[in-house]
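Dear colleague,

I would be grateful if you could read the two side by side.

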Amino acid sequence: MKTELKILGNYLNNQKLAELKELIGKRIWFARTSTLGANLIEKIYTATYIQIPFFWKDEFGNEKSRNFNLSAQWTEDNETLLDYYDLKLTVTDHEMSTGDFEKDVNQSIKKGLNSSISFNEFEIDQIQILSRNEIVDNEGELRYDEGILLINKNKNKILLSAELKCIDQVEFVTDSNTIEKRITELKKRKTLGNNV
């Protein structure tokens with residue numbers, strides 16, 4: 001008698017995909033976080049929470065910006081004891097600056113956003129949602145979004161993903177070789193932006 005596999009995991013819902021789509025055509029060049037871990041050889045940065053400010057110009061040429069926030073929550077199924085991850089993302093407005101530099105810096109430190117990752121300016125042309133789909137020990141089928149791949153018009157990539165070795169950590173990866181190794185085990189579930 002064949003038993004049915006339990007399906008575990010969550011995909012990003014349509015509201016979260018719409019929030020991600022807001023990043024298409026926007027520029028990024030740094031990320032903020034707390035307690036930053038780094039593997040400088042593979043250019044993998046890890047943290048419990050990553051905030052990426054993104055920028056664009058409005059129809060009058062004024063610079064505008066918002067924040068893309070990413071974290072991951074580790075979950076274990078009570079029956080099968082299989083692990084999976086829920087990517088948590090939001091797009092939020094910046095808090096207004098008071099004009100007092102020292103006060104603004106102290107507020108950032110209190111929030112724990114005292115570390116940063118800098119990289120060359122990157123205009124997001126396409127976003128791929130990468131999922132893990134696998135059957136584990138005939139116990140259950142894991143189906144969850146594990147990564148968000150940002151691609152610019154020159155095909156440069158930045159990978160944002162759940163960190164599989166540490167509970168409730170996310171990764172920010174900029175090295176193309178490391179990214180290619182990581183995404184070979186994932187499935188492209190959805191593409192946002194330029195599909196050409």
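**Notes on the structure**

Lys155 is partly exposed, at a relative accessible area of 47%; buried stands for under 20%, exposed for over 50% and partly exposed for what lies in between, using a 1.4 Å probe and protein chains only. The model is a predicted one, in which local features need pLDDT of at least 70 and side-chain atom pairs count only at pLDDT 80 or more, while totals for chains, interfaces and linings use all residues. Residues are numbered from 1 along each chain as its sequence is written, and side-chain values use heavy atoms, with hydrogens and water left out.

**The chain as a whole**

Three helices and 13 strands make up the secondary structure of the chain. The chain has 196 residues, of which 44% count as buried. Among contacts (heavy atoms within 4.5 Å) between residues at least 6 apart in sequence, 61% join residues at least 24 apart.

Helix α1 covers residues 14-21, and its buried residues are Lys16, Leu17, Glu19 and Leu20. These residues lie on the same side of α1, because they cover an arc of only 155° around the axis; the arc is that of the directions from the helix axis to the C-beta atoms. Asn14, Gln15 and Lys21 are exposed on the other side of α1. The buried residues of α1 are covered by elements including β6 (63-76), β7 (83-93), β9, β10 and β13 (187-193). Where α1 starts, the backbone nitrogen of Gln15 has a side-chain oxygen of Asn13 within 3.1 Å. Such a polar contact is a pair of N or O atoms within 3.5 Å; within protein, one must be able to donate a hydrogen and the other to accept it, and residues adjacent in sequence count only if both atoms are side-chain atoms.

In helix α3, Thr178, Ile179, Arg182 and Ile183 are the buried residues. Viewed down the axis of α3, they fall within an arc of 120°, so they line one face of the helix. As a general point, an α-helix has 3.6 residues a turn, so residues three or four places apart point the same way. Asn177 and Lys181 are exposed on the face of α3 that is turned away from the buried side. The packing partners of the buried residues of α3 are β4, β9 (126-136), β10 (140-151), β11 (157-162) and β12 (170-173).

**The loop between β10 and β11**

Lys155, with which these notes began, belongs to the loop between β10 and β11. Although Lys155 is not a glycine, its phi is positive, at about 70°. Asn152 is found in the loop between β10 and β11 as well, but Asn152 is buried, with a relative accessible area of 8%. A polar atom of the Asn152 side chain lies 3.0 Å from the backbone nitrogen of Asn154. If neighbours within four places in sequence are left aside, the contacts of Asn152 are with Phe122, Glu123 and Asp125.

Is Thr35 buried or exposed? With 64% relative accessibility, Thr35 counts as exposed. Its place is the loop between β2 (27-33) and β3. Thr35 also has a positive phi, of about 35°, without being a glycine.

Thr33, by contrast, counts as buried, at 0% relative accessibility, and is part of strand β2. A polar atom of the Thr33 side chain is placed 2.4 Å from the backbone oxygen of Tyr49.

Thr80 sits in the loop between β6 and β7, where it is buried, with a relative accessible area of 15%. Which residues does Thr80 touch, leaving aside its neighbours within four places in sequence? Thr80 is in contact with Leu8 and Glu139. Thr80 and Asp137 are 57 residues apart along the chain, and their C-alpha atoms are separated by 9.6 Å.

With kind regards

Notes: Helix = DSSP H or I, 4+ residues; strand = E, 2+ residues; numbered from the N terminus.
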